[in-house]
Amino acid sequence: MFGLYELFEGTCRANMDKTAIASTKQLLAIENIEKNFGVKRLSEELRSLIALRKEYPEATLDFFAEKLGVSKSCINHRFRKIISIAEELSAANDAENENE
């Protein structure tokens, strides 16, 4: 049976893993956008968040929310938008490659 310390340690480790996975997904999306679309074409809000994610790859949503003076929910929404744009670009590239 797990003690309270082990349970807490496991929860912390799981949260760190979740943050690392999310960060990696966000950074891959950012790379895709930079390569295929250009960050300058995005809104200032998304560009600011992208710059911070690149500067602080291991940071949490709370960190970005504090830095940008918005809610954690807002940061989450912006990252979802970034990932959505990257997915649309990937789908367009896939379709283009199929037509060649």
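Leaving aside neighbours within four places in sequence, which residues is L42 in contact with? Select L42 and display the residues around it: I33, F37, R47, I50 and I85 are its partners, where contact means heavy atoms within 4.5 Å.

Before the next stop, some conventions apply. This is a predicted model, in which local features need pLDDT of at least 70 and side-chain atom pairs count only at pLDDT 80 or more, while totals for chains, interfaces and linings use all residues. Residues are numbered from 1 along each chain as its sequence is written, and side-chain values use heavy atoms, with hydrogens and water left out.

**The whole chain**

Colour the protein chain by secondary structure. It has 4 helices and 0 strands, in the order α-α-α-α along the sequence; helices (H or I, at least four residues) and strands (E, at least two) are DSSP runs, numbered from the N terminus. Of the 100 residues, 25% are buried, that is, under 20% relative accessible area, with exposed meaning over 50% and partly exposed in between (1.4 Å probe, protein chains only). Among contacts with a separation of 6 or more, 55% join residues 24 or more positions apart.

**The nonpolar core**

Next, select I33, L42, F64 and I82. These have the most contacts inside the largest nonpolar core, which has 19 residues. Such a core is a set of buried Ala, Val, Leu, Ile, Met, Phe, Trp, Tyr and Cys residues joined through side-chain atoms within 4.5 Å. At least two core residues come from each of helix 1 (4–36), helix 2 (44–55), helix 3 (61–68) and helix 4 (72–99). Helix 4 gives the most, with 7 residues.

**Helix 2 against helix 3**

Now show helix 2 and helix 3 together. Their axes come within 11 Å and cross at roughly 130 degrees; axes are lines fitted to C-alpha atoms, for helices over the stretch in contact, and angles run from 0 to 180 degrees between N-to-C directions. Helix 2 is therefore oblique to helix 3, given that angles under 35 degrees count as roughly parallel, over 145 as roughly antiparallel, 65 to 115 as roughly perpendicular and the rest as oblique. To see the contact itself, select S48, L49, L52 and R53 of helix 2 with F64, K67 and L68 of helix 3.

**Two serines**

Select S23 in helix 1. Is S23 buried or exposed? S23 is buried, with a relative accessible area of 4%. Leaving out residues up to four places away in sequence, S23 touches R53, P57 and E58. A C-alpha to C-alpha distance from S23 to T60 gives 8.5 Å, across 37 residues of sequence.

Finish at S90 in helix 4. S90 is partly exposed, at a relative accessible area of 30%. Its C-alpha atom is separated by 9.3 Å from that of I33, 57 residues apart along the chain.
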